[in-house]
Amino acid sequence: MPKRLVYLDNAATTPVRAEVLEAMLPYLGRDVFGNPSSAHRFGRAARAGLEEAKRTIAEALGGGAEPGQVIFTSGGTEADNLAVIGCALAARERGGPFRVAVSAIEHKAVLAAAHAVARLGGEEIVLPVDACGAVMEDALAAALERGVAVVSVMWVNNEVGVVQPVARLAARCRAAGVPFHVDAVQAFGKIPVSLAEVDCTLLTISGHKIGAPKGIGALIVRDRHAVEAIIHGGGQQFGIRPGTENVPGIIGLGKAVELAAREQADFARRVAALRDELERRVLAVVPDAVVNAVQAARAPHVSNVSLPGTDSEALLMHLDLAGIACSSGSACSTGAVEPSHVLTAMGVPAELGVAALRFSLGRDNTAEDVEGLIAALPKIVEKVRALSAVLHR
Ligand SMILES: Cc1ncc(COP(=O)(O)O)c(C=O)c1O
């Protein structure tokens with residue numbers, strides 16, 4: 001019998017949903033192929049699909065956004081770059097601060113965008129987090145006091161799943177008159193995401209984390225004056241993100257967003273129970289395992305577990321051989337495994353940081369997947385520990 005494969009890497013990406021593919025098909029073939037900027041009937045047909053997707057997305061965000069505020073991008077990375085660099089450029093243009101503030105546990109799409117602002121002659125402020133991954137609010141207050149073009153804090157962290165108090169942070173930024181950007185790539189569809197409750201200026205979503213294809217995302221821009229374009233071309237999307245829109249991708253994103261919003265509560269209930277079971281079972285078979293950020297408010301789909309005395313790259317290789325896919329947040333640079341910036345910022349000791357695995361659950365996972373992991377894990381941990389003991393003798 002072929003080996004049963006277990007996919008526990010849904011925070012990296014998800015398969016395209018059947019409903020999404022079906023919705024996209026007419027736009028991928030010869031049916032609706034027009035350029036949405038063309039005034040003729042071919043163009044108008046494409047434009048109608050695109051406008052419908054905007055309405056769906058605005059509605060799915062709790063009614064706090066207008067369809068005209070949905071700006072499509074090539075994914076989460078581009079949306080994050082547009083938010084951070086675009087706000088910095090807009091502020092500089094107005095004679096405001098060419099300075100951005102981002103949390104220490106942001107995705108590289110935000111961190112690297114902040115570095116880019118610094119390379120352009122601006123400044124980046126990195127806001128530290130506590131052991132639960134929550135942004136230190138005195139550091140935020142100090143940054144607001146100095147003056148920044150934008151504050152960027154993610155709603156749910158992709159490596160450990162911690163949830164930030166974005167409503168409160170948004171209110172603080174609003175009171176200071178500073179645009180607030182929220183990367184909601186790992187939040188949307190997993191926890192309630194309502195722009196009626198979170199008064200942010202900008203919000204990022206990405207299609208491939210919720211069953212749409214890779215290469216499509218959106219930045220919700222609630223204040224058009226807050227951002228300046230970072231790529232240049234025709235006047236599409238108010239000039240904020242020019243370029244002929246990826247119509248099939250947009251149709252897919254709209255469908256995936258509609259389904260994810262409708263199913264969110266159900267998803268959270270089911271997946272949180274599976275995540276709890278996974279953690280309970282891992283701790284039962286590897287009693288000295290440490291669940292990172294367990295004391296924090298967490299989204300339901302991510303579990304980050306350190307297996308002391310191992311290194312995550314070796315674990316990943318053995319798990320893959322056993323047909324189990326998950327990931328680590330650690331980076332393997334120059335041959336040495338280094339703990340992820342997220343765990344380091346949260347104060348997780350390096351020896352636990354290099355031994356961390358991220359299991360991320362999706363809508364297709366079942367108790368059988370947890371069984372599959374638990375059947376393989378103890379032997380793999382034993383093997384990696386034995387090898388590691390030899391290497392460090
Ligand atoms: C929190 C977060 N932000 C941004 C991104 C980047 O999104 P994309 O892969 O669509 O560029 C990801 C994906 O890994 C993510 O998890």
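Me: Is Ala-293 buried or exposed in this predicted model?
Reply: Let's count neighbours. Ala-293 has 23 other C-beta atoms within 10 Å, and the cut-off for burial is 20 or more. So Ala-293 comes out as buried.

Me: Where is Ala-293 found?
Reply: Look at the backbone here: Ala-293 has a positive phi of about 65°, even though it's not a glycine. As for its place in the chain, it's in the loop between β9 (290-291) and β10.

Me: And Gln-237, what is its phi?
Reply: Gln-237 sits in the loop between β8 (217-221) and α7. It isn't a glycine, yet its phi is positive, at about 50°.

Me: How exposed is Gln-237?
Reply: There are 19 other C-beta atoms within 10 Å of Gln-237.

Me: How far apart are the C-alpha centres of domain 1 and domain 2?
Reply: First, the bounds: the domain assignment gives domain 1 as 6-12 + 264-391 and domain 2 as 18-260. Their C-alpha centres are separated by 29 Å.

Me: Which element gives the most to the side of domain 1 that touches domain 2?
Reply: The contact takes 22 residues from domain 1 and 22 residues from domain 2. On the domain 1 side, the elements giving two or more residues are α7 (247-285), β10 (302-306) and α9 (341-345). The top contributor, with 3 residues, is α7.

Me: How many residues on that side of domain 1 are charged?
Reply: Sort the side that touches domain 2 by residue type. You get 12 nonpolar and 8 polar residues. The charged ones number 2.

How values were computed:
Residues are numbered from 1 along each chain as its sequence is written. This is a predicted model: local features need pLDDT of at least 70, side-chain atom pairs count only at pLDDT 80 or more; totals for chains, interfaces and linings use all residues. Domain bounds come from an automatic or database domain assignment. Two residues are in contact if their C-beta atoms, placed from the backbone, lie within 7 Å. Helices (H or I, at least four residues) and strands (E, at least two) are DSSP runs, numbered from the N terminus. Ala, Val, Leu, Ile, Met, Phe, Trp, Tyr, Cys and Pro count as nonpolar, Asp, Glu, Lys and Arg as charged, and the others, Gly among them, as polar. A residue is buried if 20 or more other C-beta atoms lie within 10 Å of its own, exposed if 12 or fewer, and partly exposed in between; C-beta atoms are placed from the backbone.
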